[in-house]
Amino acid sequence: MVRCWKRSENCLEEEECTPHKAFWVSLSACLLLVILALGLTGHFGRSQPHTQPLQTVRFTVSDQTGALINQSAVVDQQNDLVTFSVTSSLNQTSTVLFDIKHSLICYKPVSQESCFLRKMEQSDYKNVNSQFQLSGNETQRQMEFLGVLAASQVNVSSLEEPLQALCQDRSVHWTRRTEKQRLVYFCIDICFPSNICVSVCFYYLPE
């Protein structure tokens, strides 16, 4: 009985001290450390999205009648948007949104119940990309006539999010540039920091 117990004790000691078992314990510990390291690297290594701050420029100009109008331009470089807010002497504000990414201009006149769209042209890119600081040069005034296509109403839900947000409570119509017309319904005076002011005048084309 004594010899048998000693053999069992010897066998037990051999099992506890076997190199094979020590190898697997060491390997498990190493794998655990690797998994923890990869987890921490994945958590801290993810690059956070860089959000560019909005730039806002405010300035005061005079319209063709000499009345002062206050304007602000909000530049969203991350989304390629420039939003002009034009406040008249009566404290009424119209909005003009340049969606450069989708080559669209959206007009939201305060006096109307509709928004008006048109495609951007080369001169529009030049004006909106001008340096946002007023120079001392004399203001250049231009006029632009847009015919409203009354029959071409746009489904607001089909527009991109910035345009939807701007015109969510209005109907939206396409416009096209035309020659000077006698019957003008309303105008929006918008001035760019490059000292170019454009009177955008609208009238309705026959259906």
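Asp 80 sits in the loop that joins strand 2 (68–76) to strand 3 (81–87); strands here are DSSP runs of E of at least two residues, helices are runs of H or I of at least four, and both are numbered from the N terminus. The model is predicted, so local features need pLDDT of at least 70 and side-chain atom pairs count only at pLDDT 80 or more, while totals for chains, interfaces and linings use all residues. Residues are numbered from 1 along each chain as its sequence is written, and side-chain values use heavy atoms, with hydrogens and water left out.

The loop between strand 3 and strand 4 holds Asn 91. Most residues other than glycine have a negative phi.

| Residue | Phi | Relative accessible area |
|---|---|---|
| Asp 80 | near 55° | 34%, partly exposed |
| Asn 91 | about 65° | 66%, exposed |

The sheet is open, has ten strands in the order 1-2-3-4-5-6-8-7-10-9, and its pairing is mixed. Two strands count as paired if DSSP finds at least two bridges between them. Strand 1 (55–62) and strand 9 each have a single partner strand and stand at the edges, so one side of each lacks a neighbour in the sheet. On average, neighbouring strands of this sheet are turned by 25° against each other, direction ignored; the axes are lines fitted to C-alpha atoms, and angles run from 0 to 180 degrees between N-to-C directions. Strand 4 (residues 93–99) pairs with strand 5 (residues 104–108) in the antiparallel sense over five bridges. Thr 95 has Lys 108 of strand 5 as its bridge partner.

A search of the whole structure finds one cavity of 30 Å³ or more. A cavity is a set of points on a 1 Å grid over the protein atoms alone where a 1.4 Å probe fits but cannot get out, and lining residues have an atom within 4 Å of a point. The largest cavity holds about 50 Å³ of space, a volume being the space filled by probe spheres set on the points. Strand 9 (186–192) and strand 10 (196–204) are the elements that give two or more residues to its lining. Among the lining residues are Arg 141, Asp 189, Cys 191 and Cys 197.

The unreviewed UniProt entry annotates residues 22–40 and 183–205 as "transmembrane region"; such annotations may be inferred rather than shown by experiment. Over residues 183–205 the chain is 0% helix and 70% strand, with the end C-alpha atoms 10 Å apart.

Technical notes:
1 Å grid on protein atoms, 1.4 Å probe; cavity = no way out; pocket = protein on both sides within 12 Å on 5 of 7 lines; lining within 4 Å. Buried < 20%, exposed > 50% of the residue type's maximum accessible area, 1.4 Å probe, protein only.
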